[in-house]
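Try each task before reading its solution.

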Amino acid sequence: MEKKFDTICAHAGAEADALTGAITAPLYFSTTFQYTPTGDAPTGNIYSREGNPTRHLLEKVLADMEFGLAAAAFSSGSAAAQAAFMSMTPGDHIIVNNRIYSGVRNMLTDIFIPWGLEVSFVDLTQIQNLENNIQPNTRMVWTESPTNPEMTIVDIKAVVSICKPRKIMVAIDNTFATPLLQHPLTLGADLVMHSTTKYLGGHSDLTGGALITAEVNDWWKKIIHIQKVLGAVPAPFDCWLLLRGIRSFVPRMQLHVNNAKKVAAYLQTNNMVEKVLYPGLSTHSGHAVAAAQMEDFGAMVSFLVKNGKQAAIAVIKKLRVFTNATSLGGTESLAEHRQSAEGPNSTTPENLIRLSIGLENADDLIEDLKQALE
Ligand SMILES: *Cc1c(COP(=O)(O)O)cnc(C)c1O
């Protein structure tokens, strides 16, 4: 029987163990596994960098959640992104959305451009920019949607329709959207990336990443080879914690989104707010595309404060229910002045506050923002 999305998540790592009947999957810390002198591994396991039963269980669940054929788990979202870029060859060209998570942009600028990758940073909210930047050596397009932290929307189907005929791979960082709300592989993308540190872990207590593929082809085999030989793999305990987080992912995410909608609607009524950046608002420039390609609009809300940078920083200092911290996707609501967090190469507006909306009572979040904006 084909399991529905909520069932896949609720059962993540919670199928009765054949040996003991245990309902939650055992955690295998062993780094090494018995095999035969001729090199056969009767259990499929030899050495934990290359493969570990707890990690394999997680990878199966992640592939199912994204409707992919296979998944590779990494020690962080950044390590997952690194493996995707490393799967290119020096001299290859990739097109990357110019408004994405600053850590990935910095990774490209500081590491992969010197390594030999050609990178064009392009505004992919305007789809004609994609076609204008394609070169004979273009191999991959990389974007988020919604993007971090400005919450712009890229039309994934439109990107795919331009890339597919030219055999250019489409890779989507689906961290903000989450697998509950957006399925890039179903929209035609080739690869999905996650920082599982965020909503999938869901409790701000593990660092992890993943790549999920639509097809098991030579490109995917190279990514798996990179995972195994470079070894940026998650510890078994983090895989186990992540499986635990995934079991409650659906109801958590639904609550995150409900709260985010209430907070975004409130912020729109506050006259100290210049603009609310949330794709669920009908005034948002990407609203129609987001409504078409997402089941719902996510739980990250950014907004621009009137009177510039110092005013935005003053608001954050007054928050009491929100904590001033980076990251996202935990049960607790977080706020940050994103330009300060991103550092000197930031392209983020100086008066932007990014909110990760948690699972508190929405009225408490709204009251907190109200007193801070006064
Ligand atoms: C956090 C994040 C990353 C990086 O993931 P890490 O687990 O911190 O390495 C990449 N992309 C997006 C959209 C993120 O929010």
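**Exercise 1.** Find which residues are linked with Glu-336 in a network of salt bridges.

*Solution.* The model is a predicted one. In it, Arg-338, Glu-342 and Arg-354 join Glu-336 in a network of salt bridges. Now widen the search to the whole structure: ten salt bridges turn up.

**Exercise 2.** Work out how Glu-59 and Arg-55 are placed relative to each other in helix α2.

*Solution.* Start with the distance. The closest N and O atoms of this salt bridge are 3.5 Å apart. Glu-59 and Arg-55 are both buried.

**Exercise 3.** Determine which parts of the chain the salt bridge between Glu-131 and Arg-166 ties together.

*Solution.* First, the gap: 3.1 Å between the closest N and O atoms. Glu-131 belongs to helix α5 (residues 128-133), while Arg-166 is in the loop between α6 (156-163) and β5 (169-173), so the pair ties together parts 35 residues apart in sequence. Glu-131 is partly exposed, at 41% relative accessibility. Arg-166 is partly exposed too, at 39%.

**Exercise 4.** Decide whether Asp-296 is buried or exposed, using the 20% cut-off, and describe its salt bridge.

*Solution.* Buried means under 20% relative accessible area. Asp-296 has 18%, so Asp-296 is buried. Its salt bridge partner is Lys-261, with the closest N and O atoms 2.9 Å apart. The pair links distant parts of the chain: Asp-296 in the loop between α11 and β9, Lys-261 in helix α10 (residues 249-269). Lys-261 is partly exposed, at 34%. Asp-296 also touches Leu-181 and Val-257.

Key: Residues numbered from 1 in each chain as written. Predicted model: local features only at pLDDT ≥ 70, side-chain atom pairs only at ≥ 80, totals over all residues. Heavy atoms only, no water. Buried < 20%, exposed > 50% of the residue type's maximum accessible area, 1.4 Å probe, protein only. Contact = heavy atoms within 4.5 Å. Salt bridge = Lys/Arg side-chain N within 4 Å of Asp/Glu carboxyl O. Helix = DSSP H or I, 4+ residues; strand = E, 2+ residues; numbered from the N terminus. Lists of a residue's contacts leave out its neighbours within four places in sequence.
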